[in-house]
Amino acid sequence: MSVTETPIAPPKTDKKEKTEPRELRDRGYVVICWNDPVNLMDYVTHVFQVVFGWPKARAERHMLQVHQTGKSVLTREAFEKAEHYVHQLQGYGLHATMERE
Amino acid sequence: MKFIRPQKGGHGVAAFVFQMNRQEMDWLLSTLKMYPLLDSSYHRITHGGAEEIQAEQELLEEAMAQQRREYRRKLDKFLASPGRFRLEAPDQYRLNLTAEQLEWLLQVLNDIRVGCWVKLGRPELEPVRRRELGGQDARHMAALEVSGYFQMVLLEAGKGAGAD
């Protein structure tokens, strides 16, 4: 006699509910600035200095990386901080995004 | 428009003094009146538009809309201020800015510059679409250049004042 196993239904989860908050959100997000043909190079340098408090040389290095390679990873942060930086950079009109690493 | 000098304003607030002629003042004013030009939907929180952070995308758009309302309010107050552009000599006007005003004016001018670029079809980024120029195109082309010009003057002033 075979025993038929009753399949165990997985617990119902609301897709919108963030079921893996810590695991995913602490994994690390990168803040990326993408190149565009409209923002002035000096302006981008200035924004990096203001938003991150970087010295001019570091801000210029990232600006040039954006300009020459199309993007630059500006910082790696937890979700909330990455989101904060993206808001600030976007507030300045830069094309900045956060991506899961 | 040229940067004259940084000076200490009241309560130790750094002030930036600029000089410009009537033509430049008219350009600056007509350009600033275009603000805001960018739509909140221009801002994307991720490059690929991942669905799981839709809520954060909406939050970003709300934050940008709120910032534009705030800057529009500041700009209206700024432009309405009597004596904002002081006539010093024939065809010579003086404009004083605090460091805080210089910073948000830079953002306002950049919004206009990027907004013009978007309205012109994002040239140099998206494939050129053959179309008749017309409507507001000439105005947007001019404002794109003019806003960039004033941005450069403000940025140079910031450098000159040792802002970096």
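**Salt bridges in a predicted model**

Arg76(A) is exposed, its relative accessible area being 54%, in what is a predicted model. A search of the whole structure finds eleven salt bridges over all chains, and the points below describe some of these contacts together with the exposure of the residues that take part.

**A pair in chain A**

- Arg76(A) forms a salt bridge with Glu101(A), and the closest N and O atoms of the two are 2.5 Å apart.
- This pair links distant parts of the chain, since Arg76(A) belongs to strand E2 (residues 71-77) of chain A while Glu101(A) lies in the segment after strand E3 (96-100), 25 residues apart.
- Glu101(A) counts as exposed because its relative accessibility is 52%, and the cut-off for this class is over 50%.

**Pairs in chain B**

- Arg44(B) and Glu61(B) meet through their side chains in a salt bridge, with 3.8 Å from N to O.
- Here too distant parts of the chain are linked, with Arg44(B) in the loop between helix H1 (22-32) and helix H2 (54-80) of chain B, and Glu61(B) in helix H2, 17 residues apart.
- Arg44(B) is partly exposed at 37% relative accessibility, and Glu61(B) is also partly exposed, with a relative accessible area of 23%.
- Asp76(B) forms a salt bridge with Arg72(B), in which the closest N and O atoms are 2.6 Å apart.
- Both Asp76(B) and Arg72(B) lie in helix H2 of chain B, where they are four residues apart, about one turn of the helix.
- Asp76(B) counts as partly exposed, at 40% relative accessibility.

**A network**

- Asp42(A), Glu156(B) and Lys159(B) are linked in a network of salt bridges.

Conventions
Residues are numbered from 1 along each chain as its sequence is written. Chains are lettered from A and ligands numbered from 1 in the order in which they are written. This is a predicted model: local features need pLDDT of at least 70, side-chain atom pairs count only at pLDDT 80 or more; totals for chains, interfaces and linings use all residues. Side-chain values use heavy atoms; hydrogens and water are left out. A salt bridge is a side-chain nitrogen of Lys or Arg within 4 Å of a carboxyl oxygen of Asp or Glu. Helices (H or I, at least four residues) and strands (E, at least two) are DSSP runs, numbered from the N terminus. Buried means under 20% relative accessible area, exposed over 50%, partly exposed in between (1.4 Å probe, protein chains only).
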